[in-house]
Amino acid sequence: MTDSPRAPHEAPESPAPAQKPLDSLIRHTTDNAVSWITLDRPEAMNALTWDQRERVIELLTAASADPDVRAVVITATGRGFCAGADLRAGPPAGKRVPGDVARTIRLGAQRLIAAVLDCEKPVIAAVNGTAAGIGAHLAFACDLVLAAEPARFIEVFARRGLVPDGGGAHLLPRLVGPQRAKELMFFGDALSAADAERIGLVNRVVPAEELEKTARAWAERLAAGPTRALALTKQLVNASLDTDRATAFAAEAAAQEINMTTADAIEGVTSFVERRSPHFKGR
């Protein structure tokens, strides 16, 4: 399972879970059709407890179903984006029985990553600081990744003698290729924001003070777009590396058929004919 980094030059070990209301640990607002999910436990580098993880999944699921939400941003406060899972909340290793670990992964880390991948709205990660373990995979699962200059990404699992969880071995090879993915996972070295951008894990690196502004501009631009078309495009791209050409082409044709019934598609074509800018409503 995901661990948070503990070396002196990295994120400090997480303290016991803070006894604060869940809504204060995972803050949520909706602004200009953008759902903002903010991890707010900076004293623990935003390491996730099970209830915080469940809250993020709940918010992503709600964003999918809410027609008034047309984009999502996941970000955090303090020096860390997410230092991994907070393992202090789990049972001691000696008390596990066969099947416990696999069940915990399926119902925990994998559900979190699936909630991002399956969200019907575009999801932006605004990575403010260290993203380690499941925190890194949470960012990589997002559709677009913005990183502040101090941010870094750490595949910390091998340092603890662990196998990557949260879909890491599925996500990373698709983003950077198998050799680069193995390098990151075998060594567990910290990857700077600039290097993450260079190898294709990050879309753009910005100064820390520009992160929220840039994320807001990107999210509001997406929120003004053709929401259903973006959702179908996301589905096609996410499935593209797991399907053959015939299957991909069939899915593309089906997506086109569905999308051409939407009001936004009709508006897009009409605005082109009328030589004006389209006004999409997300429907």
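**Entry 1: the cysteines**

I began with Cys142, which counts as buried because its relative accessibility is 7%. I kept in mind that I am looking at a predicted model.

Next I wanted to know how far the sulfur of Cys142 is from the closest cysteine sulfur. That sulfur belongs to Cys119 and lies 9.3 Å away, too far for a bond. A disulfide needs its two sulfur atoms within 2.5 Å.

How many disulfides does the structure hold? I found 0. Cys82 is in no disulfide either, and its nearest cysteine sulfur, the one in Cys142, is 11 Å away.

**Entry 2: helix α9**

I moved on to helix α9, which runs over residues 211-223 and has 13 residues. From its first C-alpha to its last, α9 reaches 18 Å, close to the 18 Å expected at 1.5 Å a residue.

Which residues of α9 are buried? My list reads Leu211, Thr214, Ala215, Ala219, Leu222 and Ala223. They cover an arc of only 165° around the axis, so they sit on the same side of α9. Then I turned to the other side of α9, where I found Lys213 and Arg221 exposed.

I was curious about what covers the buried residues of α9. The cover includes the strands β2 (34-39), β3 (71-76), β5 (123-127), β7 (144-148) and β10 (204-206). Helix α10 (227-240) is also part of that cover.

**Entry 3: helix α6**

Helix α6 spans residues 168-176, and I noted Gly168, Leu171, Leu172 and Val176 as buried there.

What covers them? For the buried residues of α6, the cover includes the helices α4 (109-118), α5 (134-141) and α7 (178-187).

I also checked the residue just after α6, which is Gly177. Gly177 takes a positive phi of about 90°.

**Entry 4: the rings**

My last stop was the aromatic rings. How many aromatic pairs turn up in a search of the whole structure? The search finds 1.

I then asked which residue has its charged end over the ring of Phe249. The residue is Arg245, and its charged end is 5.9 Å from the centre of that ring.

Notes: Residues numbered from 1 in each chain as written. Predicted model: local features only at pLDDT ≥ 70, side-chain atom pairs only at ≥ 80, totals over all residues. Heavy atoms only, no water. Helix = DSSP H or I, 4+ residues; strand = E, 2+ residues; numbered from the N terminus. Expected span 1.5 Å × (residues − 1). Buried < 20%, exposed > 50% of the residue type's maximum accessible area, 1.4 Å probe, protein only. Arc of directions from axis to C-beta. Contact = heavy atoms within 4.5 Å. Phe/Tyr/Trp six-rings, centres within 6.5 Å; stacked < 30°, edge-to-face > 60°. Lys NZ or Arg CZ within 6 Å of the ring centre and 35° of its normal.
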